[in-house]
Amino acid sequence: MLVPILAGAVLGGLLCMVARRRRVPDEMRILAVGLAVAALIYVGFALAGADRRWLAIEAVGLAGFAGIAWLGLRGSAWWLALGWAVHAGWDVGLHLDRAQSIVGAWYPLSCVGFDLVVAGFVLSAAAAVGPRH
């Protein structure tokens with residue numbers, strides 16, 4: 001159980017390192033797009049599994065996370081940090097105990113590590129920049 005979380009955390013750290021190499025607006029844009037992509041991956045899993053009910057749930061999630069990402073870019077990076085933290089809850093609440101027909105139980109666990117590292121990174125960046133971001 002710990003290995004997938006740590007692997008996800010390492011991958012999340014790598015994304016943050018790539019984003020940090022850019023200027024602050026581009027850095028946040030990369031992480032906002034990443035949040036939408038994280039939600040989009042689950043839509044892809046639902047499509048591959050041909051489960052209409054889960055596709056609808058994941059589509060709503062995609063819309064919500066894309067909206068939070070947009071708020072993070074247009075308003076405050078605090079929204080973006082919140083989106084990544086909530087996505088970790090999405091992973092646990094909707095996918096951890098649900099049988100994954102496309103991927104194993106390791107995937108939501110790795111997403112939790114990934115999401116929380118990115119959320120922490122965005123929080124630290126938002127705190128360093130101030131109230132606007």
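This is a predicted model: local features need pLDDT of at least 70, side-chain atom pairs count only at pLDDT 80 or more; totals for chains, interfaces and linings use all residues.
Reader: How do the axes of helix α2 and helix α3 cross?

Author: The axes of α2 (residues 24–49) and α3 (residues 52–74) come within 8 Å and cross at roughly 175 degrees. Axes are lines fitted to C-alpha atoms over the stretch in contact, with angles from 0 to 180 degrees between N-to-C directions. Helices are DSSP runs (H or I, at least four residues), numbered from the N terminus.

Reader: What does that make α2 relative to α3?

Author: That makes α2 roughly antiparallel to α3, a term for angles over 145 degrees.

Reader: Which residues form the nonpolar patch on the surface?

Author: The patch consists of W70, L71, W79, L82 and V86, with about 470 Å² of accessible area together (Shrake-Rupley method, 1.4 Å probe).

Reader: Which helix gives the largest share?

Author: Helix α4 does, with three residues.

Reader: What rules apply to the model?

Author: Local features need pLDDT of at least 70, side-chain atom pairs count only at pLDDT 80 or more, and totals for chains, interfaces and linings use all residues. Residues are numbered from 1 along each chain as its sequence is written, and side-chain values use heavy atoms, leaving out hydrogens and water.

Definitions and conventions. Helices (H or I, at least four residues) and strands (E, at least two) are DSSP runs, numbered from the N terminus. Angles under 35 degrees count as roughly parallel, over 145 as roughly antiparallel, 65 to 115 as roughly perpendicular and the rest as oblique. Patches are made of residues with over 30% relative accessible area and no salt bridge: like charges are joined within 9 Å, nonpolar side chains (Val, Leu, Ile, Met, Phe, Trp, Tyr) within 5 Å. A salt bridge is a side-chain nitrogen of Lys or Arg within 4 Å of a carboxyl oxygen of Asp or Glu.
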